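Please open the model in a viewer and prepare to select residues by number.

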Amino acid sequence: MADTNKSDTPGIDDIQKTLEKQIAELRKEITKINKSISARGAEMLDDASEQASDFYETARRAHRARHSSCAARPRRSRKSREKIRARQPPWSA
């Protein structure tokens with residue numbers, strides 16, 4: 001039989017220690033990845049919030065501009081409104 005020295009083959013304890021060290025390193029890597037993903041998610045949320053705020057402000061300005069021009073328009077007389085209503089089909093009322 002071949003002689004095997006204890007120093008030539010790794011023992012179970014050595015294998016276990018190596019695996020535990022690898023697991024600890026992997027956990028550290030996962031923690032770094034999670035932090036990176038979290039930071040990126042926060043950046044994306046801030047960007048989306050800012051963009052939504054800009055869209056809202058643009059829509060608000062457009063709404064105000066549209067309605068401010070309505071106020072400047074002269075109002076139709078009652079007779080004119082009645083003529084318009086008379087021309088419309090009954091189902092649109």
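The stops below concern charged side chains.

This is a predicted model, in which local features need pLDDT of at least 70 and side-chain atom pairs count only at pLDDT 80 or more, while totals for chains, interfaces and linings use all residues. Residues are numbered from 1 along each chain as its sequence is written, and side-chain values use heavy atoms, with hydrogens and water left out.

**Helix H1**

Begin by selecting residues 12-72, which form helix H1. Helices here are DSSP runs of H or I with at least four residues, numbered from the N terminus. How many salt bridges does the structure hold? There are 3, a salt bridge being a side-chain nitrogen of Lys or Arg within 4 Å of a carboxyl oxygen of Asp or Glu.

**Arg40 and Glu43**

Next, select Arg40 and Glu43, whose side chains form a salt bridge with an N to O distance of 3.1 Å. Both residues belong to helix H1 and lie 3 residues apart, about one turn of the helix. Arg40 has a relative accessible area of 44% and is partly exposed; Glu43, at 42%, is also partly exposed. In these terms, buried means under 20% relative accessible area, exposed over 50%, and partly exposed in between, with a 1.4 Å probe and protein chains only.

**Glu57, Arg60 and Arg61**

Move on to Glu57 and display Arg60 and Arg61 with it; a network of salt bridges links these three residues. Between Glu57 and Arg60, the closest N and O atoms are 2.4 Å apart. These two residues are 3 apart in helix H1, about one helical turn. For the salt bridge from Glu57 to Arg61, the closest N and O atoms are 3.8 Å apart, and here the spacing in helix H1 is 4 residues, again about one turn.

Glu57 is partly exposed at 24%, and Arg60 is partly exposed at 29%. Is Arg61 buried or exposed? Arg61 is exposed, with a relative accessible area of 55%.

**The negative patch**

Finally, select Asp46, Asp47, Glu50 and Asp54, which gather in a patch of negative charge on the surface. Such a patch is made of residues with over 30% relative accessible area and no salt bridge, like charges being joined within 9 Å. Asp and Glu count as negative, and the place of the charge is taken as CG of Asp or CD of Glu. Within this group, centre the view on Glu50, a residue of helix H1. Glu50 counts as exposed, at 53% relative accessibility.

Conventions:
Patches are made of residues with over 30% relative accessible area and no salt bridge: like charges are joined within 9 Å, nonpolar side chains (Val, Leu, Ile, Met, Phe, Trp, Tyr) within 5 Å. Accessible areas come from the Shrake-Rupley method with a 1.4 Å probe; for residues, only the protein chains shown count as cover.
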